[in-house]
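Here are some questions and answers for a reader who is meeting this structure for the first time. Please look over the sequence and the model before reading on.

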Amino acid sequence: MGFGLLFIGFFIAYLGSLSGVISAFTYALGAAIILFALRKLLYEGKLFIVSAALCVLLEISALVGIGIQVFSDTFTPNAVPTYLTELFAYAFVIVLMLAIAFLAKEVELGRLKIMAFVNAGVIPVCILLFVLTEIVKNSAVLPWLSLAYVLIKLGTVVFSLVIVFGAYMRICYEGDEKMQEEKTGFAPFDKLNELSNKAFSSKHKGGKK
C-alpha cells in the first residue's frame, strides 16, 4: 500500500535531520521518497491528502534551505527556511500519525491505532522544546533543554518508524492478509518484522482494507 517506501523515506528524512548541517538535504531526499509513497495512500482518507500537501511544503522549504546553503560562504543553515522546514516536518508527522490511526481503527488494529495517537500527542512536546531551545539563552538551562529536545525528537522518530513499519506489515488489501508472514529478502526489514510480530497482538495480523 506504499508504507514500505514510506518507511524508507521517513528513515532518511527524520533520522538524517538529527545531523544538523545536512538536515535540509536529508529532508529533501526523504520527502521526495515519501511523496512517491503517498500516491498509493491518497485514496485511504483525507488526512493522507493533507499529509501529502504538508510533505510538498516540507520538500519546498528544504530545497530553499539547500539553495541558500549552497550559495552561502559559510554553508550554514539559514534561520527562516530551517524554522519553516522544522514546522512542516512536525506538522506532517502529526497528520500522518492521525491518518494511520484512523486507518488502523478502520481495519481493527487497536494497538497500532493507540500507538499512532500517542505519538501524535507527544510530538507537540517536541515542538515546544524546539522553540524553547531557540529562545532560551540561559547557559545553565539551555544544555538541558537541548538534551531533552534531542532525546524526545529521537524517541518520536523511532516510534514513528515502528508505527509506519507496523502499518506496512499489517494493513493490507483483502487477499493479502498473510503479507506480514512473508520474507522480504531485505535482512533489516525481516528482522524488524520478527520484532514487530512480538510487539503486536496475534489476533490483529493483516488487517484487511
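Q: Which residue lies over the face of Phe-36?
A: This is a predicted model, and the answer rests on the distance between a side chain and the centre of the Phe-36 ring, which is 3.8 Å. The residue that lies over the face of this ring is Arg-39.

Q: How many aromatic pairs does the structure hold, and what is the geometry of the one formed by Phe-3 and Phe-48?
A: The structure holds 8 aromatic pairs. In the pair of Phe-3 and Phe-48, the rings are 6.4 Å apart from centre to centre, with 65° between the planes. Planes over 60 degrees apart count as edge-to-face, so the geometry of this pair, one of the 8, is edge-to-face.

Q: How many residues apart in sequence are the parts that the pair of Phe-3 and Phe-48 ties together?
A: Phe-3 belongs to helix H1, which covers residues 3-16, whereas Phe-48 belongs to helix H3, which covers residues 46-70. Both of these residues are buried.

Q: Is the aromatic pair of Phe-10 and Tyr-14 stacked or edge-to-face?
A: Phe-10 and Tyr-14 are 4 residues apart in helix H1, and therefore about one helical turn separates them. Phe-10 and Tyr-14 are both buried. Their ring centres are 4.2 Å apart, and with 15° between the planes the pair is stacked.

Q: Which residues is Ile-100 in contact with, leaving aside its neighbours within four places in sequence?
A: Once its neighbours within four places in sequence are left aside, Ile-100 is in contact with Phe-3, Phe-48, Leu-112, Ala-116, Ile-163, Val-164 and Ala-167.

Q: Is Thr-26 buried or exposed?
A: Thr-26 has its place in helix H2, and its side chain reaches the backbone oxygen of Gly-16 at 3.5 Å. Its relative accessibility is 9%, and since a residue under 20% falls in the buried class, Thr-26 counts as buried.

Technical notes:
Residues numbered from 1 in each chain as written. Predicted model: local features only at pLDDT ≥ 70, side-chain atom pairs only at ≥ 80, totals over all residues. Heavy atoms only, no water. Phe/Tyr/Trp six-rings, centres within 6.5 Å; stacked < 30°, edge-to-face > 60°. Helix = DSSP H or I, 4+ residues; strand = E, 2+ residues; numbered from the N terminus. Buried < 20%, exposed > 50% of the residue type's maximum accessible area, 1.4 Å probe, protein only. Lys NZ or Arg CZ within 6 Å of the ring centre and 35° of its normal. Contact = heavy atoms within 4.5 Å. Polar contact = N/O pair within 3.5 Å; in protein donor to acceptor, adjacent residues only side chain to side chain.
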